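Thank you all for coming. I would like to walk through one model this morning, from the overall fold down to individual side-chain pairs, so please keep the structure open as I talk.

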Amino acid sequence: ETLFSEIVDKPLQEKVKKIKQELLKEQAPAILAYGFGFTDQSHLCNTFKKHVGLTPNEFKKSYNVIEN
């Protein structure tokens, strides 16, 4: 990874971190997509999966398994 990509990705990583918190509060990905400036739910899901390795729904399910 280059310094440029690290600088560009930092705000996006912070955004993904906040989206994780909102998902755990049961916020819908479609609502989060618009609230966080994504063009649509698909854009949010693809970006989230690129950074987290899971879709938003997979993330919520995996967190629920850990909690229970």
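Of the 68 residues in the chain, 24% are buried, where buried means under 20% relative accessible area, exposed means over 50%, and partly exposed covers what lies in between, with a 1.4 Å probe and protein chains only. This is a predicted model, in which local features need a pLDDT of at least 70 and side-chain atom pairs count only at pLDDT 80 or more, while totals for chains, interfaces and linings use all residues. Residues are numbered from 1 along each chain as its sequence is written, and side-chain values use heavy atoms, with hydrogens and water left out.

Let me take confidence next, given as pLDDT, the predictor's confidence in each residue on a scale from 0 to 100. The chain averages a pLDDT of 87, and 82% of the residues score at least 70. Confidence is lowest in helix 1, residues 3-24, with a mean of 82, and highest in helix 3, residues 41-52, with a mean of 95.

Among contacts with a separation of 6 or more, 43% are between residues 24 or more positions apart, a contact being heavy atoms within 4.5 Å.

Which residues make up the largest nonpolar core? There are ten of them, namely Val16, Ile19, Leu23, Leu32, Ala33, Phe38, Leu44, Cys45, Phe48 and Phe59. Helix 1, helix 2 (29-35) and helix 3 each supply at least two residues of this core. By a nonpolar core I mean a set of buried Ala, Val, Leu, Ile, Met, Phe, Trp, Tyr and Cys residues joined through side-chain atoms within 4.5 Å.

The charged end of Lys15 sits over the ring of Phe38, 5.2 Å from its centre; the criterion here is NZ of Lys or CZ of Arg within 6 Å of the ring centre and within 35 degrees of the ring normal. Thr47, for its part, is in helix 3, counts as buried because its relative accessibility is 12%, and is in contact with Leu12 and Phe38, leaving aside neighbours within four places in sequence.

Ala33 is found in helix 2, and its relative accessibility of 0% is why Ala33 counts as buried. Not counting residues up to four places away in sequence, Ala33 touches Phe38, Asp40, Gln41 and Leu44.

Now to the rings, where the count comes to one aromatic pair. Phe48 and Phe59 form this pair edge-to-face, 5.7 Å centre to centre and with 70 degrees between the planes. Because Phe48 lies in helix 3 and Phe59 in helix 4, the pair ties together parts that are eleven residues apart in sequence. Both Phe48 and Phe59 are buried. The rule is that rings of Phe, Tyr and Trp (its six-membered ring) pair if their centres lie within 6.5 Å, with planes under 30 degrees apart counted as stacked, over 60 as edge-to-face and the rest as tilted.

Finally, the charges: how many salt bridges does the structure hold? It holds two, each defined by a side-chain nitrogen of Lys or Arg within 4 Å of a carboxyl oxygen of Asp or Glu. In one of them, Lys25 pairs with Glu22, the closest N and O atoms being 3.4 Å apart; Lys25 is exposed, with a relative accessible area of 56%, whereas Glu22, at 22% relative accessibility, counts as partly exposed.

Lys60 forms a salt bridge with Glu26, with the closest N and O atoms 4.0 Å apart. This pair links distant parts of the chain, with Lys60 in helix 4 and Glu26 in the loop between helix 1 and helix 2, 34 residues apart. Lys60 counts as buried because its relative accessibility is 17%, while Glu26 is exposed, with a relative accessible area of 55%. Apart from neighbours within four places in sequence, Lys60 is in contact with Leu23, Glu26 and Gln27.

Terms used
Helix = DSSP H or I, 4+ residues; strand = E, 2+ residues; numbered from the N terminus.
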